[in-house]
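Open the model in your viewer and keep the selection panel at hand. This tour goes stop by stop: select, look, move on.

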Amino acid sequence: MSGTPAISRSEAGDASAPSGEVVVEARGLSRRFGKRWAFARVDLTVRRSERWLILGANGSGKTTLLRALATAISPSLGRLRLFGQDPREDLAAARRRLALLSHRTGFYEDLTARDNLRVLARLAGHPDADLGAVLDRVGLEDRPDPVRAFSMGMRKRLALAAVIVQRPELVFLDEPFAALDPAGMEDVAALVRGLEGTVIVASHQVERAAALCDRALLMDAGLPRWTGPAHQAWMAWKAVQAPLAAAAGGAP
Amino acid sequence: MSELLHLFRKDLLIEWRSRSHGFALACFALTLLLLFSFAIGPDTKTMSLHAGAYLWMSLLLSSTLLLARSFQVEVEDGAIETLILAPASATRMFYAKALANAVQLAILAAVAVPAVYALYGVQLHGEVGGGHRLGQLVSVVALGAAGLAAPGTLYAALTARLHARQLLLPLLLFPLVVPCLLAAVKATTLIVRPSLSEAEFTSWLALLACFDVLYWSVCGILFGRVIEQ
């Protein structure tokens with residue numbers, strides 16, 4: 001994508017949008033890397049305790065959008081407000097209220113699970129956190145071996161423990177089901193259901209992620225294509241993909 | 001302050017849990033000293049005269065491996081992003097990391113100095129000008145380690161995500177630390193000489209301290225911009 005074309009359907013036309021305190025407000029949010037737009041003209045309003053799914057195919061811009069919303073990267077254009085304020089005014093204060101589970105789990109490989117959680121708990125201002133209870137909640141034993149020895153499923157559980165220990169009001173989860181077997185996905189889904197606060201999930205595992213969310217934003221080639229109830233996300237995605245599939249089928 | 005101490009403790013804990021790296025690094029530093037002694041030849045007088053230079057060359061070359069690793073553990077699994085979003089202050093992250101690197105370099109020097117003593121026939125003991133030479137050497141090592149650690153930490157952060165980081169780090173670091181290295185070598189050479197000029201030693205030590213203050217101030221300011229990129 002080299003420009004910022006129009007959006008086919010924005011949330012402004014979505015009559016089912018609920019009311020409540022706005023936690024995330026993005027207007028015309030765009031991010032470019034060199035000449036390429038990773039995502040463009042995203043309008044999004046997320047209210048307290050809502051669960052949003054950002055879905056789309058690989059390369060659709062959903063991870064970059066999630067990272068921009070989580071202040072991990074800055075947008076190139078547009079306006080972002082978190083908890084009613086521009087996060088750039090007090091970045092540390094905004095970040096103290098959110099947590100991002102990234103595609104990379106973000107741990108020190110040579111430290112134990114407890115060590116890693118202790119680092120985060122203290123930085124988040126919760127030095128008194130009961131780390132044993134948090135590890136127990138995500139189904140991890142308090143073991144002495146380093147994170148380097150953990151399986152992908154254990155890493156995902158620990159990443160969710162890291163989110164829990166920070167006690168955030170706003171949680172961003174990037175591909176929480178990636179590289180997990182079906183049993184692992186079920187376990188992670190149960191943990192995500194148990195998270196408190198506002199949750200925004202970016203995933204291409206549409207049916208599984210939609211079951212955890214109330215509302216959805218469909219991204220396609222860096223543009224927001226549809227916003228609506230999460231249970232309709234799969235149908236919306238198929239509708240967006242259909243012209244592409246037809247074009248591919250008709251190609252010589 | 002507690003966040004700084006917490007991050008400092010974390011950095012040291014990581015190194016302690018992966019202490020095989022530290023052991024390998026000490027072996028590398030000792031091997032360099034051994035190779036330098038072979039290169040100079042059997043003349044103990046010449047070896048003793050240049051012992052300070054070889055000690056600091058050994059520490060400088062070893063420091064590039066130590067410094068590069070100190071940020072490799074941060075970017076390996078994206079831990080640094082977790083810290084930034086936690087949120088940890090970039091300034092405190094820098095000072096904690098630089099302090100941990102300086103401590104490790106000082107420990108490395110503590111391992112290398114006895115080897116210099118044994119291989120190069122250096123005499124460190126004796127009262128000269130009211131100051132114990134070993135104490136003076138400790139002060140040079142502490143200031144020299146600090147002088148390498150601050151810019152090294154900044155450049156390690158800058159190059160950590162680059163493919164050619166192993167080459168770029170020394171290329172960027174070495175020219176910058178020349179004044180610090182020069183002062184440390186001169187001060188160390190004066191200590192290992194039979195007669196020590198106290199005034200000359202103090203002036204080199206003061207120069208070393210001045211560059212430390214400069215490095216730690218400027219690098220602390222620049223680090224936030226490097227990290228947020």
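Predicted model: local features only at pLDDT ≥ 70, side-chain atom pairs only at ≥ 80, totals over all residues.

## Stop 1

Select helix α9 of chain B.

Now look at α9(B) end to end. The helix covers residues 178-192, 15 residues in total. From first C-alpha to last it reaches 21 Å, close to the 21 Å expected at 1.5 Å a residue.

How many residues of α9(B) are buried? The count is 11 of the 15, so the helix is largely enclosed by the rest of the structure. Colour the buried ones.

## Stop 2: where the chains meet

Show both chains. Chain A brings 22 residues to the contact and chain B brings 19 residues. On the chain B side, two elements give two or more residues each: α1 (2-17) and α5 (79-85) of chain B. Colour the chain B side by residue type. You will find 9 nonpolar, 4 polar and 6 charged residues.

## Stop 3: chain A as a whole

Chain A has 252 residues, and 48% of them count as buried. It holds 8 helices and 9 strands. Take the contacts in chain A with a separation of 6 or more: 70% of them join residues 24 or more positions apart.

## Stop 4: a three-stranded open sheet

Select β2, β1 and β4 of chain A. In that order they form an open sheet of 3 strands, with antiparallel pairing. Which strands lie at the edges? They are β2 (36-47) and β4 (77-82) of chain A, and each pairs on one side only. Neighbouring strands here are turned by 15° against each other on average, direction ignored.

Zoom in on β1(A), residues 22-33. It pairs with β2(A) over 8 bridges, in the antiparallel sense. For one landmark, find A:Arg31: it stands opposite A:Phe39 in β2(A).

## Stop 5: a buried strand with two partners

Select β6(A), residues 170-174. Here 5 of the 5 residues are buried, so the strand is largely enclosed by the rest of the structure. Show the side chains. A:Leu170, A:Phe172 and A:Asp174 point one way, while A:Val171 and A:Leu173 point the other way.

A:Ala99 stands opposite A:Val171 in β6(A).

A:Leu170 stands opposite A:Thr198 in β7(A).

Last, trace the chain between β6(A) and β7(A). It crosses through helix α6 of chain A, residues 182-193. This β-α-β crossover is right-handed.

Methods: Residues numbered from 1 in each chain as written. Chains lettered and ligands numbered in written order. Contact = placed C-beta atoms within 7 Å. Helix = DSSP H or I, 4+ residues; strand = E, 2+ residues; numbered from the N terminus. Nonpolar A, V, L, I, M, F, W, Y, C, P; charged D, E, K, R; others polar. Pairing = 2+ DSSP bridges. Axes fitted to C-alpha atoms, helices over the stretch in contact; angles between N-to-C directions. Buried ≥ 20, exposed ≤ 12 C-beta atoms within 10 Å, placed from the backbone. Right-handed = clockwise from strand over helix to strand, strands pointing away. Expected span 1.5 Å × (residues − 1).
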